[in-house]
Amino acid sequence: MQVAKNKVVSIDYTLTNDAGEIIDSSEGHEPLLYLHGAQNIVPGLENALEGKKRGDRLQVSIAPSEAYGERNDALQQVVPREAFHGIDDLEVGMQFRAESDTGQHIVTVTAIDGD
């Protein structure tokens with residue numbers, strides 16, 4: 001089977017940053033399953049997987065414009081500690097899903113200063 005639109009695809013992956021540090025991986029877990037062509041993964045990865053076959057291995061570098069977008073420092077906000085209900089050990093780097101007027105967003109803790 002080739003990876004194509006409307007096919008369920010299973011991939012093992014390791015995501016690293018430019019320094020080679022592992023950010024996420026399926027190692028030790030089940031492979032990632034997704035429906036190809038349904039915008040369930042970042043466009044750059046979906047494009048790179050198009051036409052691949054079972055057992056193919058590839059290394060892909062994806063530009064921010066083909067992933068989650070360029071970093072926009074204007075979107076940074078200071079929020080009170082109370083906004084993190086049920087999280088006792090808040091740490092820099094933690095990510096959360098947040099809801100706003102424009103939909104759901106992934107937010108990342110970049111600094112902690114007092115409360």
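This passage describes the surroundings of selected residues in a predicted model. Residues are numbered from 1 along each chain as its sequence is written, and side-chain values use heavy atoms, with hydrogens and water left out. In this predicted model, local features need pLDDT of at least 70 and side-chain atom pairs count only at pLDDT 80 or more, whereas totals for chains, interfaces and linings use all residues.

His 36 lies in the loop between strand E4 and helix H1 (43-49); helices (H or I, at least four residues) and strands (E, at least two) are DSSP runs, numbered from the N terminus. With a relative accessible area of 1%, His 36 is buried. Buried means under 20% relative accessible area, exposed over 50%, and partly exposed in between (1.4 Å probe, protein chains only). The side chain of His 36 makes polar contacts with the side chains of Tyr 34, at 2.8 Å, and Glu 50, at 2.7 Å. A polar contact is a pair of N or O atoms within 3.5 Å; within protein, one must be able to donate a hydrogen and the other to accept it, and residues adjacent in sequence count only if both atoms are side-chain atoms. Residues up to four places away in sequence not counted, His 36 also touches several others (heavy atoms within 4.5 Å), including Val 3, Val 9, Glu 46 and Leu 49.

Strand E4 (residues 32-35) also holds Leu 33, which counts as exposed because its relative accessibility is 60%. Together with Val 8 and Leu 35, Leu 33 makes a nonpolar surface patch of about 280 Å².

Ser 26 is placed in the loop between strand E3 (22-25) and E4, and is buried at 3% relative accessibility. Its side chain forms a polar contact of 3.2 Å with that of Asp 12. Apart from neighbours within four places in sequence, Ser 26 is in contact with Ile 11, Asp 12 and Tyr 13. Ser 26 and Thr 14, twelve residues apart in sequence, have C-alpha atoms 6.5 Å apart.

Ile 112 lies in the segment after strand E6 (103-108) and is partly exposed, with a relative accessible area of 44%. Ile 112 touches Leu 90, Glu 91 and Val 92, residues up to four places away in sequence not being counted.

Key. Patch = residues over 30% accessible without salt bridge, like charges linked within 9 Å, V, L, I, M, F, W, Y side chains within 5 Å. Areas by Shrake-Rupley, 256 points an atom, 1.4 Å probe, with all protein chains shown as cover. Salt bridge = Lys/Arg side-chain N within 4 Å of Asp/Glu carboxyl O.
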